[in-house]
Amino acid sequence: MNNLRIANLSKTYSNGVKALDDVSIEIEPGMFGLLGPNGAGKSTLMRTLATLQEADSGSAFLGDIDILNQPVELRKVLGYLPQEFGVYPRITAWQLLDHMAILKGITNNSERKELLKYLLDKVNLYDKRNKSVKGFSGGMKQRVGIAQALIGNPKLLIVDEPTAGLDPGERNRFYNLLVDVSEDVIVILSTHIVDDIRELCSNMAIMNGGQIVYKGTPQAALEDLKGKVYQKMVTRETLKEHANSFSIISNKMVAGQPLIHIYSESSPGNGFEPVDPNLEDVFFSKTNADHLLV
Amino acid sequence: MFKHFFFTELRYALRQPMVYIFLGLITLMVFGATSSDNIVIGGTVGSVHKNAPYVITNFTAIMSIFGLLIAVAFYNNAALRDYNNQFNEILFSTPLSKGGYFFGRFFGALILSTIPLLGVFLGVILGTLIAPAVGWEGPERFGEFHFEAFLNNYLLFILPNMFFAGAVIYAMANKWRSTVISFVGALIILMTYIISGTLLSDIDNETIGALTDMFGIRTFSIESKYLTPVEKNTLSPGFTGLLMVNRLVWVAVGAVVLLLSYFSFSFQEKKKAVKAKKEGEKAEKQEFLQPELHPNHGKASGLAHFGSFFYTNTLSITKSITFKILFLFSALILISSLVGGFEYYGLQSYPVTYKIVDLINNSAGIFVVIVLVFFSGELIWRDRDNKINEVIDATPHASLVSMVAKAFSLITVSCLLHLFFVFCGVIYQLVNGFTNIELDVYLLEMLYGKLPAYAVLSGVMITIQVLVNNKYIGYFLSIFLLFMMNFVWLALDVQTNMVSISDGPRISYSDMNGFGPGLTGALWFNLYWLLFAVVMIMGAGVLWNRGASAPFKERLSAGRKQMSRGYGLAWSGAFLAWVLVAGWVFYNTKVLNEIVTQDESELIAVEYERLYKKYENVPLPKLVDVKYEVHIFPEERNVDVKADILLENKTNKYIDSLHFNCDPEWSPEFDIPNAEVVLDNEEMGYKIFRFNKPMAPGERLEITINTAYRTKGFENDRGNTWIVRNGTFLNSSTIIPSMGYSSRSELQDKNKRRKYGLPPKDRMPELQSTCSEACMANYLSNGHSDYMPVETIISTSEDQIAIAPGSLIKEWNENGRNYYHYKVDHPSQHFYSFVSADYEVARRKWNGVDLEVYHHPGHDKNVPMMLDAIERSLAYYTENFGPYYHKQCRIIEFPRYSRFAQAFPGTMPYSESFGFIANLEDTENNNVVDAVVAHEMAHQWWAHQVVGARMQGGTMLSESFAEYSSLMTMKQISETPMKMREFLKYDHDRYLRGRSREVDNELPLLEVENQGHIHYGKGSVVLYALQDYIGEDAVNRALRGFLEEYRYKEPPYPTSNDFLRYLEPEVPDSLQYLITDWIKEITLYDNRLKEASYTELSDGKYEVSIDLEAYKIKADTIGNETQVDMNDWVDIGVFADSEEKELIYERRVKVNQPEMSFTMVVDEKPAKAAVDPRRLLIERTYSDNVKTVSEGESEP
């Protein structure tokens, strides 16, 4: 039973920001999406799970490993790609991964060599293995980051906004890679790109203000909203008015005109037409509880 | 726009703690230096006020060096903040003005970087207000405030220094956008500073050295070197002279750098140096399979982690630009100091290995420390700076392994640097044809001294960076700990190497005595510090901020979780081992041996004076005969002494008691018939015996004193360097207790005396015209003996020769030890030495006198020259002064722990480092060995045949005469008169520098009170000039007559007035003023050439016309100087070459106007003209005496 069980996890920073507020969740192997606006506490949660930060209270277990009290044990089965992945200057991709692989316990030279070749090929950097990583483009660096996260067959793989800066091709390749490894492995993928979650994740959670505001499958979430989302093109002048009289989920511009989505148990008429909810609607309906314009 | 950026820069930084931290630290340091004598910044202040403008300037100048660190922090921040926050693209897309942005930030940073240095002024003001009020210092130590000093210092030092340094750093930061490179900028400034310092080490390059000093520190010290105390108290540095030129030059350089940087500055994002990467055609696609993995998280993985960390760390240091630049600069510095390694009187020594080792440690060693400090921060912050920390931290490595790997990388890099220095040294030796390369000395020195120090510093600096968790504060703390912590301990009166990071007894290699007496102690201290570093770094392993930055408490709890039981055990084990070694070191240094702190020794001196000053004038018998038995045990470093002493009551009173000063280290035992101990103060070592029956005038008494010196364990410092394995050197005043109250043990420093409420120290008895009681004692034996016979039986181990003054009467071997019996041939001063070492002896005979040089095997290069010098001295002195009364002249080498030569009867110990290894192959150079041998030989007449009474002027009769005699032997063999000027310039300099540092009032030569700069420096210059003015024979006749009257004569001893009785008749009336001006008063000249030109005459000769300006300055005894009219004879002359070697014309003219013109006709084409071309007169500025002659209008 290799589930990740988080119970009542809280963390308040010294400046008073409550980054985690009594978070409890159980995550099973497979891809797990973590959605939330900036500052929702996603990164704090992930850092805490990656043993890089202390929590004030609560517990987190990966199988038998008490993450908060046995950081060393967790690190042996952890793959981690942080939001910002920097590299050392004056060092090649191979040297960097080699160093990382040793740190992750791949001390057998030939094994390590094979592994590095395999991973570099997987992230399509085999040809560039002897180039200085500092000179890589953002996407290439990110791929190095992915390669290092995959070293050593981690049981828990935490990736924090991995696709920022990747072109569509790279993004696809990356997701294929993740799906490949996600059997028997818990992959926590934090992102604010809603599509990523839909495409990849069997389970997801939405965080806001340090709390988990939704947990379940994407399908269930969509199911919940089915028939309750309506949209309408409005003018800028009437935008405000609409916002006051309806439970607005989101507003965005389409061809220069505001398009609003609202939540309604029944058809509001008034020019609104029903629409199939998408994950974005889920996201906004969970995080925009006050129905404010954005 | 400028205003906006200027003020945002200020506002931003003023909200950060850094500026206040630096300001506070500097204020504290300067406050400490102002309010306590124990804290010294840039030399002691002597009799100058503690808040004198001169002192403030010194503080400011030195603090500007620390200011460099501050400058980097502020300028780098100003230039890079937007980039580092990735705000640049947003900011630069707005329409802001380039000039406003660039200069606004720059000047904002300039103002900011000067703020911490205002701490100098704050510190001085606080010190002046608080110290006298609280009673730390007497109010008389402070003068009135000189606000001008603050202002001028700010404008002359702080602002220009920060401007220049800032311009360079800001330009580099803007160009390369890297903190590392900005630091390199600061380092370059530091290096250039050091290079200009090495230029200055030779006196000729003073002007260049002064101008190349970008901080103006040396410029100021050159400009102020001859300032008298009064001037130091009142004069603020002014906007004139070299200093002003220097400041203008460097501000201009800074401005140019800044402008260049401005024009190349652009808002465009700097193009990243990405090489266009070709999408190389893929060769046939290889298939890679995921291998089966067997991750290893056992113990062995730690080793692999270590290896990988070590490799990447070391690589990152050695590949970094900073390191490469440091490497290059240190090599440059080392090579320049190797090549310019001047030693004394412009003479170089042979590149013996220990010299090179010293040079490496002195000039290049600082680079290793810089590397350690800088890269300890870099390594600790490397992961975070590169934003890879989270990834690394999340891997299953132990933090300790990472810390230890960092430490080892630092150690490895330091060792690489050090070995590189050694390599340079060896190459230098080989290039100079010196083949006796002692690789073992190089390597052992490194192993005993440097390697442990590097290891300890690495461990400690890493720990500091981990604990402080802020790079800059970490740097500052590291530097504070390294360079300033000792002042703090000093102020707290804690004096042991056990609190001074990585310190221990010094080890210095001597060819004679190897690594010497400090070695054992040094090794134990090394172990003590290494264990300390281990304990520290294990702590760092726990407290290392792993993961997101967190407050200390969280780090502590996170650390605990990672600490296994084994870790805890190992840590405790290391701690226990450290405690045990600390105990052993403490036992040896504090229990077996003693550490007397400065405050303690002051208190003892104070107490001694309070208790026993009353005995100063009790009548005591004099020694009239001594038979020594001295047994030296070099292996154990022990000495046993038995002295049979015959005392005589030479006074006309009854003597009822004997007073002794006992050194507890020598545990003296007395055998005095019919006497009992009535006072025995062990702490002060004062002991009084009272006779049952007083000694009647003329009565004699035999007493025996046994002393024994035992070396125990090891000491805090290297301990006794006089009793050593090879090269023991003792003298009579050490081995037996001295008699009577010793005023030499009193506290000397007048400010300290005031602090302890002691009256001002008695000055030397004033010079009297008719001599009475005061002339019964001479200044050498202090009234405890007169000319007397001495003999010695001395024994040592079988491999050594032991020497005492006198003829060797008998020599034998007994119980595997060598015994010698020496007896002085003529009653002499009781000033007696005992030496033992493994010697080779070079012998010669001269008119029945045995000339012997006892030297270390291998140090034979200069021995023939020494023998020549002895011969030459004997010839000149016997001919001009009188006979030599000993049957031997010995020069004896002793290890280099001290650097002097000294004359005992017929016997002259001479330091290893002071002549035996001087390179005398180039005969163009000053021959310092000739000079020193001649000086010590002259003491066989001046000091041993005749010695001055213990009163003012006494040392003139020995030291001035000896130095004069030495100059005369030099003059005999100098080919040109100009060579003597080369030599004399060091004597001039010695006097002028000395008088500017005068603590008490300056005295005329006639009344000199044992002040080196007067009796050596001024005495030699004046007597040399005198023989030039009245003739060598006349001076020598006076000397000879004086000697004949007093030679080996029982007291009263002569005074300097007695010498004048012989000198005055030799001086023609027209020159009598010389005696007044030069000997009886203090006179300086101020001569200069205003114009010098020549015209070719019709007969092919040249007429040289000069306009000169001449003043005479009389100085009173507190440094006030008044200009007086000149009516003196001065030389004028013409040189044929610009090197001033060929003096083709010289004439002595009467100068009786402040401005005069002269013409001279010479045969050759003139190059330069000069007033006082051979530098006979004492002047503060001589360089304006010589001028290149310009071609004038030809005669019609």
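B:Ala173 sits in helix α7 of chain B, which covers residues 147–176. Keep in mind as you look around that this model is predicted. Is B:Ala173 buried or exposed? With 26 other C-beta atoms within 10 Å, B:Ala173 is buried, because 20 or more such atoms are enough to count as buried. If we set aside the neighbours within four places in sequence, B:Ala173 is in contact with B:Tyr75, B:Asn76, B:Ala79, B:Leu80 and B:Ser182.

A second residue can be described in just the same way. B:Gly459 belongs to helix α18 of chain B, residues 439–468. B:Gly459 has 30 other C-beta atoms within 10 Å, so this residue is buried too. Its contacts, again leaving aside neighbours within four places in sequence, are B:Ala407, B:Ala533, B:Val534, B:Met536 and B:Ile537.

| Pair | Separation in sequence | C-alpha to C-alpha distance |
|---|---|---|
| B:Ala173 and B:Thr353 | 180 residues | 42 Å |
| B:Gly459 and B:Leu867 | 408 residues | 53 Å |

**Two helices that cross**

Let's stay in chain B for a pair of helices. Two packed helices are described by the angle between their axes and the distance between the axes. Here the pair is α27 (residues 928–939) and α28 (residues 959–973) of chain B, whose axes come within 8 Å and cross at roughly 130°. That angle makes α27(B) oblique to α28(B). The crossing of α27(B) and α28(B) is right-handed. On the α27(B) side, the contact is made by B:Asp930, B:Ala931, B:Ala934, B:His935, B:Ala938 and B:His939. From α28(B) come B:Phe961, B:Ala962, B:Glu963, B:Ser965, B:Ser966, B:Thr969 and B:Met970. Sorted by class, this contact of α27(B) with α28(B) has six nonpolar, five polar and two charged residues.

**Where the chains touch**

How many residues does each chain bring to the contact between chain A and chain B? Chain B supplies 41 residues and chain A supplies 42. On the side of chain B that touches chain A, the elements giving two or more residues are α13 (299–318), α16 (389–393) and α21 (552–562) of chain B. Of these, α13(B) gives the most, with seven residues. That side of chain B has 17 nonpolar, 16 polar and eight charged residues.

**A look at chain A**

Chain A holds ten helices and 14 strands. Its C-alpha trace spans about 70 × 40 × 35 Å along the principal axes. Of the 294 residues in chain A, 45% are buried. Consider the contacts in chain A between residues at least 6 apart in sequence: 69% of them join residues at least 24 apart.

Strands of a sheet pair through backbone hydrogen bonds, either parallel or antiparallel. One open sheet in chain A has four strands in the order β12-β13-β11-β14, and the pairing is antiparallel. Which strands lie at the edges? They are β12 (247–254) and β14 (273–274) of chain A, and each pairs on one side only. Next to β14(A) is β11 of chain A, residues 229–233, and these strands pair in the antiparallel sense over two bridges.

Helix α10 of chain A, residues 279–287, lies across β11, β12 and β13 (257–263) of chain A, and runs at about 130° to β12(A).

How values were computed. Residues numbered from 1 in each chain as written. Chains lettered and ligands numbered in written order. Predicted model: local features only at pLDDT ≥ 70, side-chain atom pairs only at ≥ 80, totals over all residues. Buried ≥ 20, exposed ≤ 12 C-beta atoms within 10 Å, placed from the backbone. Contact = placed C-beta atoms within 7 Å. Nonpolar A, V, L, I, M, F, W, Y, C, P; charged D, E, K, R; others polar. Pairing = 2+ DSSP bridges. Axes fitted to C-alpha atoms, helices over the stretch in contact; angles between N-to-C directions. Parallel < 35°, antiparallel > 145°, perpendicular 65-115°, else oblique. Left-handed = near helix turned anticlockwise from the far one by under 90°.
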